[in-house]
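Please look over this model with me. My notes are below, as numbered points.

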Amino acid sequence: MTKIDMPSYNIFIKEGAIRQLSQQLTDVYHGRHVFIITDRHVSNLYLQTIESALPDHVVQVVEIEPGEVSKSLDVYQQVISKLLSQGIKRDHLIIAFGGGVVGDLAGYVAATLYRGMAYVHIPTTLLAQVDSSIGGKVGIDLPEGKNLIGAFHQPGMVLIDPAFLKTLEPREYANGLAEMIKAGLIGDARLYQDLLIKSTVDQEDIIRAIHVKRKLVLADPYDHHERLLLNFGHTFGHAIEQQHGYRTYKHGEAISHGMLMALEIGIRLGVSSQALYDEVKTLLVDRQLVQEPLLDRRNYLDALVHDKKQMTTGLRFVLVEQPGKALVKVLQKEDLS
Ligand SMILES: NC(=O)c1ccc[n+]([C@@H]2O[C@H](COP(=O)([O-])OP(=O)(O)OC[C@H]3O[C@@H](n4cnc5c(N)ncnc54)[C@H](O)[C@@H]3O)[C@@H](O)[C@H]2O)c1
Ligand SMILES: [Zn+2]
């Protein structure tokens, strides 16, 4: 079992790690009652697996519908009502078992129910394993926008089993790959080189991607400075998601377009090279994260620079100089067009 230490908890990674859940829990939770929050897809595939990995616990399950729609105030309240009806107490444990939607929602439930409870993450999508389960950000969406309500609430443990990835839909797999390519580009040239030559990742790649995020999160736990580098491709990516109503493009696809747009801007500013742009484009096309004709960044400028303050003081924008090396520049609207 590979262990990555975070300040207040550990991340464990191993193929088949789920079978050691009970053993891994002994260090972080001494009670018997656990409450698994999961979604219907993950439950259908793996509920038996996780239940049989907890032979000595009293296990209750709350199942939500899959998808971003479940990161809502309504579902948040339904989950809490269900947990209370199942008898959850403040010193019990919540297990977030699923992708980023389950992680964000269950983590937010854990952050707020009884003013904060212990929880552990068992991420089952590639995106959740390399990104959303790391860093302690939890939350839900409002009709006014994504992730508007949330908290920083660190789990007691993150247990990553790459075996779960075998059942992921190819589009969901690619979604996670996009964040890994980003991690390589901003902080680990070797990871990027690896992802250029193979389309399925292994445990070592997952570990490398986690280390990129870990380093930035530790330098900036509350997301003011260094974490900004994780936003490479996300400035335009968020604008693309928003403009298309979060339906047409998956997050990984939107940020893939966003990474290419950021590289184009980098070329214009003399920061990035055309050769890097061409290489990244070929990779993203090959992994079906972008299709030609590519989106035109000029169509997203209005969604991008939305507040007046950014119009006048500029936008902190992440550029990549070469694989593994990113920097932040304050840009004006004309730099982006
Ligand atoms: N907290 C953070 O720091 C952070 C960072 C990035 C993204 N996020 C959030 O993560 C969410 C997206 O997460 P996601 O991409 O994991 O989506 P998701 O949770 O919706 O999962 C995608 C789909 O895969 C299914 N699934 C999950 N595991 C599976 C498995 N092993 N086999 C087969 N199917 C499986 C799910 O049921 C769902 O249908 C967004 O809400 C985003 O805001 C949070
Ligand atoms: Zn992202």
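1. Strand β2 (residues 10–13) runs parallel to strand β9 (residues 157–160), and 4 bridges join the two. Across this pair, phenylalanine 12 faces leucine 159 of β9. Strands pair if DSSP finds at least two bridges between them. Strands (E, at least two residues) and helices (H or I, at least four) are DSSP runs, numbered from the N terminus.

2. This is a predicted model: local features need pLDDT of at least 70, side-chain atom pairs count only at pLDDT 80 or more, and totals for chains, interfaces and linings use all residues. Residues are numbered from 1 along each chain as its sequence is written, chains are lettered from A and ligands numbered from 1 in the order written, and side-chain values use heavy atoms, without hydrogens and water.

3. What lies between β1 and β2? The two strands form a hairpin, with 4 residues between them. Strand β1 (residues 2–5) pairs with β2 in the antiparallel sense, over 4 bridges. Threonine 2 has isoleucine 13 of β2 as its bridge partner.

4. Now the whole sheet. It is open and has 7 strands, in the order β1-β2-β9-β6-β5-β3-β4. The pairing is mixed. β1 and β4 (58–64) are the edge strands, each pairing on one side only. From one strand to the next, the twist averages 20°.

5. Further along, strand β5 (residues 93–98) and strand β6 (residues 118–123) run parallel, joined by 6 bridges. Phenylalanine 97 stands opposite isoleucine 122 in β6. Helix α4 (residues 100–112) packs on the sheet and touches β3 (33–39), β4, β5 and β6. Contact means heavy atoms within 4.5 Å. The direction of α4 makes about 165° with that of β5. Angles run from 0 to 180 degrees between N-to-C directions, and axes are lines fitted to C-alpha atoms, for helices over the stretch in contact.

6. Helix α8 (residues 203–219) lies across β1, β2 and β9. Its direction is at about 5° to β1.

7. Which helices cross at roughly 50°? They are α7 (residues 189–197) and α11 (residues 274–286), whose axes come within 10 Å. α7 and α11 are therefore oblique to each other. Angles under 35 degrees count as roughly parallel, over 145 as roughly antiparallel, 65 to 115 as roughly perpendicular, and the rest as oblique.

8. Tyr192, Leu195 and Leu196 of α7 make the contact with Leu276, Glu279, Val280 and Leu283 of α11.
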